[in-house]
Each structure stands twice: as structure tokens, then as C-alpha cells.
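Work through the exercises below with the sequence and the model open. Each task is followed by a solution in steps.

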Amino acid sequence: MTQARVIGGGVAGLCVATELVARGCEVTVFDPSPRPGPHGCSWWAGGMLAPFCEGETAEEPVVRLGQEAADWWERQGVTVHRQGTLVLALGRDRRELDRFARRVTGHEMLDPAALAAMEPDLEGRFDRALHVTGEAHLDPRAALIHLRDRLEQAGVRFMAEPGRPAGLTFECRGLAARDALPDLRGVKGEMAVLRSADIRLTRPIRLLHPRYPLYVVPRADGLFMLGATQIESDDRRRSVRSALELLSAAYALHPAFGEAELVEIGADARPAFPDNLPRLVKRGETIHVNGLFRHGFLLAPALARMAVAAACDGIKPEFWHEDHD
Amino acid sequence: MQLYGSEIASRLMLGTAQYPSPSVLTEAFRRSGAGIATVSVRREAGNERAGAAFWDLVRDLDVALLPNTAGCHSVREAVTTAQMARELFDTPWIKLEVIGHADTLQPDPFGLVEAARILTDEGFKVFPYTTEDVVLAGRLLGAGCEVLMPWGAPIGTGLGLTNIYGLRTLRAQFPEVPMVVDAGLGLPSQAAMAMEMGFDAVLLNTAVAKAGDPAAMAEGFAGAVEAGRLAFEADPMEPRDMAAPSTPLIGKAFLE
């Protein structure tokens, strides 16, 4: 049985470990923290599986490979909500919706009645909306914990210290791998979690705004995740400015958010390469899986599949970089 | 074109914010041939120079860097940001923004003059983001500014030159002062118009960064800026009401 080591227990590492186990490998995952939690930037993710919406600014591979994600997560037993995404713009920004519609595929324009049928709590607040079908969302924290538990049940060992490098290794440390991948940079994202019993949403909402774009992802128990700022910085402080922007935009989306409980504010820096696309970098027996940027849950399944296929089948996949020392 | 004694080859300046990725930003600069990049220090400034990775990418563009005080709403904030920018980018140049109105991002004329004076006294070369107001322009020059950056329209609106009369007046009042139309441009034709009016350069960001193909739009703007400048230097004809045939009519039959 092939032995493989995975360094890093975030979304990239856990997806790679899952793919390795599926291939019958004997896997050890190394991470200083024993459980998924606030130390890793996957913890702060929105959990939107929205390849088409991301295509507004992201390159083509994100749209194509991201379409694998919802099925992959569902196959692992994670609850995936397939309700699509609703894209909205406030009155004076309504032309933003036209621009978005031009640049994104797989959508239908809704009139107020269709919007009200889809999300009754938004009735009367918007004169039109874009429904991007074929998109989904999940609870990222539940998904991480689920993958971790399944791997443990499958006999995967979790250890804190990687020790000396030996054998086939998948390096999935995210921004912490900057010592080995100097092109990596941090892109800060800030989020908030609110709880409200006054509003119900069944699908992620994207509110287009020239200054303060917002997305709201509904989670169980009346929780709503608000995200996410995108700032060129590896700083992890939670700033008042970003909190103000997120909360103001949420309030503009629906005044009920003004009465919501502020459960959590979080921030982390996401690992990105200059083109904001991921990379698989092979060095000796190590394959780096990194640079997932704001597309961790969206792209990690495809990257994991490609990285493991490269190691096991000798295929050189997309995003493949081979370093010769 | 001389700005504070430095020769700048291109009359197009680009901002560095809001691009889909640093790679797209780099490609946009390459195709635009822009000579100056503005860079915002305020938003990224955290502990331990947290935005360093992005700034390194901007430095690699190999163009002159003009740090700005974007998003500053007070004199004190703008002065502190300018001092930080000088440390970070090792340049006395500063594009001074003091915002007076949150919704329109209109400059605060009073704060702008005060901040310009403070910074000039500290040895900065100040590029003030201003309106087309000639009185304000005079005060800024009096405060030591040697370049002016009047707006075309509010930042990020893409409305073009909303007060052509005001901009013409400003240009005519201070013919020797280098002026850069900054903000509000959405299309290359608007940039060409500013250049035809005799402005020395244009600065834009959103129009390129938020285009579907930023690099193509950057090249489009570069062509427009060059066209507009050539037209200005070529002394364009005056419009007239009477049609004047460009080939003589003599010798041609009246009825064909």
C-alpha cells in the first residue's frame, strides 16, 4: 500500500487526504492543531460553491473546475444545498446587475413576483434579481469536521509534528508555505456571522455594490454568514471599517439584519499566486497544493483529484509546475 | 512631460486597485505603456507592513510610483498617510486626497489646501486631487503645489468630463501648470477629449480595472491619450457653421 503524507489539515489537505484514501493509500495528516478550527483560513470561508458568479472576475479554469465541487462534497456525505445564487443590486446601482449578467453565464432574470416566490422575505425590496442556477452552498465548518471524522474512521492518522520529510508528500499549508513558495501572497478576507429569527433565506445572496459588495450565506439555526472583503494584505486583524461595511451592506439588503445578534467577526489571509489561480508545484517527492485564494471549497476537490492523479498515475495536470533544483 | 522636474514619457497614469488579479494588473500596465502607477497605502496598512507582497508586485511594474492618500477624510489622516507612504515607497511624491463628502467622494477644498501646505513644508511633492475650481487651484499653487489633478467626474463613476466649461477655464487660467485629469473617466473617448483640451495627462483606475478585459481597455486608453495629445499639438481647426468643400467645386458641372 502506498504511503503518503499530507501536511496541513485545512480544506486543501483534507480533500487531498480524502482522494488518497479513495486510492487505497495509507495516509498521515500533519497539522499542529488537532481539529479544524479558527487557526486555518478554511474556517472563515463562506462555503459558496458558485463557479458561475466567480466567473465575473475569475479566470476560466475556476468556472470549469468549480463545477465539480458540489457533486464531490455530496459524495463525501456533506450536506450540499443546491438552490442557486441570487444576485441583487440596490436602486441606484441597478446597472451593476446588467454588467454582472453580461459577464456571467447560467442565469435567469427574475421579476419581483418570481423573486418573492423564491425568497419571500425579499418581497417588494428589489424590482428584479438574477438567479444563477446550478450553484450550491455548504456549511464549511461542518464540511471540514465531517471530512476529518471520515478520514479518521478510514484509518488516517493525524499528527502534530511532520518530522523529517520522507516519501510522497502533499504540502497543503496555505500561506504558511510562503517560505517555500515566495510567489504566494496573503489576501485578507473579513466576515461576520449574524443570528436572526426575523428573516429566512434559502440560498446565498450577492449584493452588488460599487464600493461595498456583500454576500450573505444562510446557515442552519438562523445563522447568516456575511462576507467578504478582499484586501491585499496578510494582516489578520478584524478592522472596524470592514465590519462597518459588511454590516451596513447587510442592513441595506434587509433591515431585519439591524436587529440580528452579532455572533462572530472573523478575518484571515487567503493564499494566492499573482494570477489568483492555484498551483500544483512538484519538488522532489513533494507536491505543493496551494494558492486556492477565495476558492478553497470550490477548487480544492478538483485540485486534490489532479494532485493525486499526478502522483499515482504520472499525469501532468493543469496548474502543474515542476521545479528542478 | 515634466512633473516636479522628472521626465515622464507616457501621459497615461493608472491606478492599481480593483483588478481581478495582480497578473491582470501587470498585463494592463504592459499594454498601456503607462508611466506612473498610483498606489493606495491606507487600506493595506496594518502591522508589520502586511501589504508588502502586493507592493512588491507594484514595484515590479517598473514605472514611477505615485502613492496616494485615498480614503482619507481629514488633514491629519492625509498627512500621516503621506508620511507613511514616503517611508514605504521612498519617494517625496504624494497624490493628496482629502475627501470631504462620503457619497460623492468630492475633495474637501479647505482640508486639501491645509494638507498641501503642511506636506510641501515637509518637502513633499504634492499632486492634489482637486475639483475644476479656479480659486481652489490658485490656493493650491500658493500652497506650493506644482501639479494639479482636477477631477473629470466623481471617483469611479465613469461619467467623463462633467464640467467642460470649468475644466477649460482652469486650463486657460494656468497654462504653465502641469494638469492631470484624474477620476471619473469611463471611456477612451473621454480621455481623448481631456487631452484635446490641453490637459497634460490623465489618471484612471476603475475604467480599466473593472472592464471585462482590463488589458485591452488599458491599450484603448493609451491610444486615445496619444490621439488626443497629437490633436492638441496639431492646433485643430475651429468648428464653423458654413460647409467648406475640401475639394474645389470650380470646373464641376452644377447638375450631374
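## Exercise 1: Surroundings of a proline

Setting aside residues up to four places away in sequence, Pro271(A) touches Cys41(A), Gly174(A), Leu175(A), Leu184(A), Arg185(A), Asn290(A), Gly291(A), Leu292(A) and Phe293(A). The model is predicted.

Solution. 
- Step 1. For a distance along and across the chain, compare Pro271(A) with Arg219(A): they are 52 residues apart along the chain, and their C-alpha atoms are separated by 25 Å.

## Exercise 2: The sheet that contains β14(A)

Task: Give the strand order of the open sheet of eight strands in chain A, and find which strands stand at its edges.

Solution. 
- Step 1. The order is β5-β6-β4-β11-β12-β13-β10-β14 in chain A, and the pairing is mixed.
- Step 2. The edges are taken by β5 (107-110) and β14 of chain A; each has a single partner strand, so one side of each lacks a neighbour in the sheet.
- Step 3. From one strand to the next, the twist averages 20°.
- Step 4. Look at the pairing of β14(A) with strand β10 of chain A (residues 185-195): eleven bridges join the two, and they run antiparallel. Within this part of the sheet, Met191(A) has Gly266(A) in β14(A) as its bridge partner.

## Exercise 3: The seven-stranded sheet

Task: Describe the open sheet of seven strands in chain A by its order, and say which helix lies across β1, β2, β8, β9 and β16 of chain A.

Solution. 
- Step 1. The strands of chain A follow the order β8-β2-β1-β9-β16-β15-β17, with mixed pairing.
- Step 2. At the edges stand β8 (157-159) and β17 (320-322) of chain A. Each has a single partner strand, so one side of each is without a neighbour in the sheet.
- Step 3. The average twist between one strand and the next is 20°.
- Step 4. Strand β15 of chain A (residues 279-283) is joined to β17(A) by three bridges, and the two run parallel. Lys282(A) has Glu322(A) in β17(A) as its bridge partner.
- Step 5. The helix is α1(A), which lies across β1 (3-7), β2 (26-30), β8, β9 (169-171) and β16 (286-290) of chain A. Relative to β1(A), α1(A) runs at about 170°.

## Exercise 4: Two helix pairs

Task: Characterise the packing of α1(A) with α9(A) and of α3(B) with α4(B).

Solution. 
- Step 1. Two packed helices are described by the angle between their axes and the distance between the axes.
- Step 2. Helix α1 (residues 11-22) and helix α9 (residues 296-313) of chain A have axes that come within 8 Å and cross at roughly 40°. α1(A) and α9(A) are therefore oblique to each other, and the crossing is right-handed.
- Step 3. Val11(A), Ala12(A), Cys15(A), Val16(A), Glu19(A) and Leu20(A) from α1(A) meet Gly296(A), Phe297(A), Ala300(A), Pro301(A), Ala304(A), Arg305(A) and Val308(A) from α9(A). Sorted by class, this contact of α1(A) with α9(A) has ten nonpolar, one polar and two charged residues.
- Step 4. In chain B, the axes of helix α3 (residues 75-89) and helix α4 (residues 109-121) come within 9 Å and cross at roughly 35°. The crossing of α3(B) and α4(B) is right-handed.
- Step 5. On α3(B), the contact residues are Val75(B), Val79(B) and Ala82(B); on α4(B), they are Gly111(B), Glu114(B), Ala115(B), Ile118(B) and Leu119(B). By class, the contact of α3(B) with α4(B) has six nonpolar, one polar and one charged residues.

## Exercise 5: Loop residues of chain B

Task: Locate Gln18(B) and Leu105(B), and give the phi of Gln18(B) and of Leu105(B).

Solution. 
- Step 1. Gln18(B) sits in the loop between β3 (12-15) and α1 of chain B. Its phi is positive, about 70°, although Gln18(B) is not a glycine. With 38% relative accessibility, Gln18(B) counts as partly exposed.
- Step 2. Leu105(B) is in the loop between β6 (93-96) and α4 of chain B. Phi of Leu105(B), also a residue other than glycine, is positive and near 55°. At 18% relative accessibility, Leu105(B) counts as buried.

Conventions:
Residues are numbered from 1 along each chain as its sequence is written. Chains are lettered from A and ligands numbered from 1 in the order in which they are written. This is a predicted model: local features need pLDDT of at least 70, side-chain atom pairs count only at pLDDT 80 or more; totals for chains, interfaces and linings use all residues. Side-chain values use heavy atoms; hydrogens and water are left out. Axes are lines fitted to C-alpha atoms, for helices over the stretch in contact, and angles run from 0 to 180 degrees between N-to-C directions. Helices (H or I, at least four residues) and strands (E, at least two) are DSSP runs, numbered from the N terminus. Angles under 35 degrees count as roughly parallel, over 145 as roughly antiparallel, 65 to 115 as roughly perpendicular and the rest as oblique. A crossing is left-handed if the near helix is turned anticlockwise from the far one by less than a right angle, and right-handed if clockwise. Contact means heavy atoms within 4.5 Å. Ala, Val, Leu, Ile, Met, Phe, Trp, Tyr, Cys and Pro count as nonpolar, Asp, Glu, Lys and Arg as charged, and the others, Gly among them, as polar. Two strands pair if DSSP finds at least two bridges between them. Buried means under 20% relative accessible area, exposed over 50%, partly exposed in between (1.4 Å probe, protein chains only).
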